[in-house]
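Subject: Structure handover

Hello,

Here is the structure I promised to pass on. Please open it alongside this note.

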Amino acid sequence: MKTYTLGKQAAKNLNKAFVYSAACIFSVIFLFPIFWTVTTSLKATGTLFTYPPQWFPHPVKWSNYLDVFKDVPFARFIVNTFIITFFSTIGTVVSSVLVAYGFARFKFRGRNVLFGIVLSMMFLPAQIIIIPQFIMFYHLNWIDTFYPLIVPNWFAVQAFPIFIMRQFLMGLPKELDEAAVIDGCNSFAILRKIIIPLSRSAILVVIIFSVTFTWNSLLQPLIYLQSIEKFTIVLGLKLLSLTMEGDSPQYQLLMASTLISIAPVFVLFFSLQKYFIRGIAISGRKG
Amino acid sequence: MLLKKGWAIMRPRYYSKQQTLNGILYISPWLVGFGLFILGPMLYSIVLSFSKYSLASAPKFVGLSNYVEALTGDDIFWISVKNTVWYVAFFVPIATIGSLALALLLNNQFKGISIFRTIFYLPSVTPIVAMALIWVWIFTPDFGILNYLLMKLGISNPPRWLASPEWSKPGIIIMQLWKVGGPRMIIFLAGLQEIPDQLYESADIDGANMFDKFIHITLPLLSPAIFLNIITTVMRAFQVFAISYVATRGGPLKSTTFYAIHLYNKAFRYFQLGYGCSLAWIFFVFLLLFTLLYFKLSKRWVHYGMEMY
């Protein structure tokens, strides 16, 4: 009997050792590209292509991060991205809260069919609407403006935020609303005074989704923004990668600007990690 | 209970006017947005797909010729179809199994688990264009760090990765696999954590080994999560665009010209907008049929709830 328990303990320890070492190996693999980006971004031109490669930059060239702003209007790209992300996100939050409230709290004919359409939009490939949308915005004279990137978000075109908000609102007890009705609140007052304060975490999930989505998007800005001073960071990176082709590509500058583009999303992720995870877990449970 | 539910369904539905008005009012942003930015454009693009149009002059009706051209006269169309199918066929299984493996790893209870979860997840919040540039640098054939490491490991003639038509697609798959610990893994992890411990405990009593438990408990109970992950991964994979657009620009020798790249080039580089719409509709109908088939077949292997135990 004793050998059995000992064996079990040993197996447990072995299992633990295996799990730990596997997790560590994977961590090294996942972190390596980021480490290498940081290293490269701090190298001097001459130390980029040495053999063997320098694992840690020597000398450390912090000024690369300033040089990024000299070659291309990178500060302009950052400002543009902030503007687009800010107004898109507000639009997405406002519209998805209203729409989700409508779907979650009111009964009307066709509601389930309409919500089914919302859900199916999550699978709609962008390619099917991007060309006619482009033509529409072209005729509105909106090409090379931020409008095509912002305005649709004010009309809840993103299905995922509606879905997340609606799932959350369905979970809020209806008795709260009913009590407020007795107090003489109309439906908008209920939304403003009761629902929204209780939905902070779901709203945060929507904000994170919208910010990362807008910040990272390539296709839409690529199609709609044409002059360099309107570019987003993502387009700026693409531009930089083109200007750096040739005999001596300046990878240290490219990696520095790449890190600048990543930094805000990483900060958001590290400070609100639990909400990143929660949004996904909610969408998975429904599956 | 059941009877009551049945009665609720039988009762004639009555919607109060106020409920209807309020409901429609609140969802009106979506109704307008859906009509203006989704349904309207989709209908318009059907019309355009039967036309020649390049913004310069009014659309000219040409019947089915765009579709005929795509399926019979456009070499790059079939190249892009092959590339895309190749990519989906390899990426989806590897990514699904990879995320599941990582989720199983993180489903163990030990100290520091949340740190590992953060590290695994981190790549997937990296903007895709940034990711592409980072990996272009890692993959550089002559000075890249990856080939340096491979040579250190004794591979004297490492692949030229994104610079060679044979290795460009595997290279792109490797890049995308960097994000294997992202949302997909979290969905698996959430699914794993909902499997009750008692099931494993009673299997232990019956003398089941780890493999048995995985096949007979974990996989069936995880099947809704697997179902969801596969369909979303497949949909994304069929639409692969940004990574190829930035890292390889469809090359070398068109080896990474995926369907979405071809469509983009036709529509926004050559401004063959009508032709682009026909490519989009071929794509859409294919994806729709694929999804319907997938949902139909899924009934055979996806188990909802615990009714089987």
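How many helices and strands does chain A have? Chain A has 14 helices and zero strands. Here helices (H or I, at least four residues) and strands (E, at least two) are DSSP runs, numbered from the N terminus.

This is a predicted model: local features need pLDDT of at least 70, side-chain atom pairs count only at pLDDT 80 or more, and totals for chains, interfaces and linings use all residues. Residues are numbered from 1 along each chain as its sequence is written, while chains are lettered from A and ligands numbered from 1 in the order in which they are written.

Chain A first. Its C-alpha atoms fill a box of roughly 80 × 75 × 35 Å along the principal axes. Buried residues (20 or more other C-beta atoms within 10 Å of their own, C-beta atoms being placed from the backbone) make up 41% of its 287 residues.

Now the interface. In chain B, 73 residues are in contact (C-beta atoms, placed from the backbone, within 7 Å) with 73 residues of chain A. Helix 2 (residues 17-49) of chain B gives the most to that side, with 19 residues.

Last, a helix pair. Helix 3 (residues 65-73) of chain B and helix 14 (residues 273-298) of chain B pack with their axes (lines fitted to C-alpha atoms over the stretch in contact) 9 Å apart. Their angle is about 65° (on a scale from 0 to 180 degrees between N-to-C directions). The two helices are therefore roughly perpendicular (65 to 115 degrees). Among the residues that meet are B:N66 and B:Y67 in helix 3 of chain B, and B:G274 and B:Y275 in helix 14 of chain B.

Best wishes

Key. Contact = placed C-beta atoms within 7 Å. Parallel < 35°, antiparallel > 145°, perpendicular 65-115°, else oblique. Buried ≥ 20, exposed ≤ 12 C-beta atoms within 10 Å, placed from the backbone.
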